[in-house]
Amino acid sequence: MWDNVGMLMSGFFFSGSNHAKLDEKGRFVLPQEMRYGLVEDGKCEFVIGLGLGGCLAIYRKSVIEKIVERFKKMQHVAKYQKFFTLFFSTLHPTECDKVGRVSLPATLKSAIGIQKEIVVAGVMDKIELWPKEVYERNLRELLEGKSSDFNLAKMTEEAFALLNDVPEEDQPSENPNPLYFESTPAKV
């Protein structure tokens with residue numbers, strides 16, 4: 001089925017957001033453009049796990065492979081053990097069915113409080129799945145400046161400042177941060 005989705009999307013990244021409803025079996029339809037971004041080697045297979053800040057994350061298989069390779073170097077460092085246990089024990093390899101539905105494991109739905117509606121958000125090299133209420137509350141607090149954790153002007157300034165931290169020509173070819181990984185453009 002995915003063999004027709006074969007061209008390389010140079011510089012591809014996930015973006016945008018959509019609302020989705022879970023059916024009685026805990027499935028939702030992943031937007032088509034996001035499904036295409038997950039295709040590698042003619043297959044739409046991926047991994048769902050816990051994300052940052054109270055969401056789930058969908059990763060391409062190649063991204064998870066890079067994460068594993070980086071983390072293997074630190075697997076015996078005590079301060080990372082709880083994180084490694086929680087992160088890897090909650091990863092679920094899966095794929096879409098023929099109509100683009102993804103089944104969410106009950107453990108992951110329960111872990112972040114997903115009921116019936118979610119927001120599917122593209123975020124660079126991953127897709128985040130948020131309980132609709134949480135996503136909308138976070139967005140509202142960010143835009144209204146009601147939370148000390150969420151200050152849009154400050155967050156925007158800090159994020160764009162990252163672009164200027166190190167001139168591109170001075171950046172090392174291998175990032176020294178062991179928790180950083182680069183994603184490979186997806187074949188779609």
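Predicted model: local features only at pLDDT ≥ 70, side-chain atom pairs only at ≥ 80, totals over all residues.
Good morning. Of the 188 residues in the protein chain, 36% count as buried.

Let me continue with the surface. The protein chain exposes about 11900 Å², and carbon and sulfur atoms supply 54% of that area.

I turn now to the secondary structure. The protein chain contains six helices together with eight strands.

How much of the contact in the chain links residues 24 or more positions apart? Among contacts with a separation of 6 or more, such pairs account for 67%.

Helix α2 covers residues 61-72, and helix α3 covers residues 81-89. Their axes come within 13 Å and cross at roughly 160 degrees. Why is α2 described as roughly antiparallel to α3? The description applies because the crossing angle, roughly 160 degrees, lies over the cut-off of 145 degrees for roughly antiparallel axes. As for handedness, α2 passes α3 in a left-handed crossing.

Which residues meet where these two helices are in contact? From α2 come I64, I67, V68 and F71; from α3 come F83, F84, F87 and F88. By class, the residues of this contact are eight nonpolar, with no polar and no charged residues.

Technical notes
Residues numbered from 1 in each chain as written. Heavy atoms only, no water. Helix = DSSP H or I, 4+ residues; strand = E, 2+ residues; numbered from the N terminus. Buried < 20%, exposed > 50% of the residue type's maximum accessible area, 1.4 Å probe, protein only. Contact = heavy atoms within 4.5 Å. Areas by Shrake-Rupley, 256 points an atom, 1.4 Å probe, with all protein chains shown as cover. Axes fitted to C-alpha atoms, helices over the stretch in contact; angles between N-to-C directions. Parallel < 35°, antiparallel > 145°, perpendicular 65-115°, else oblique. Left-handed = near helix turned anticlockwise from the far one by under 90°. Nonpolar A, V, L, I, M, F, W, Y, C, P; charged D, E, K, R; others polar.
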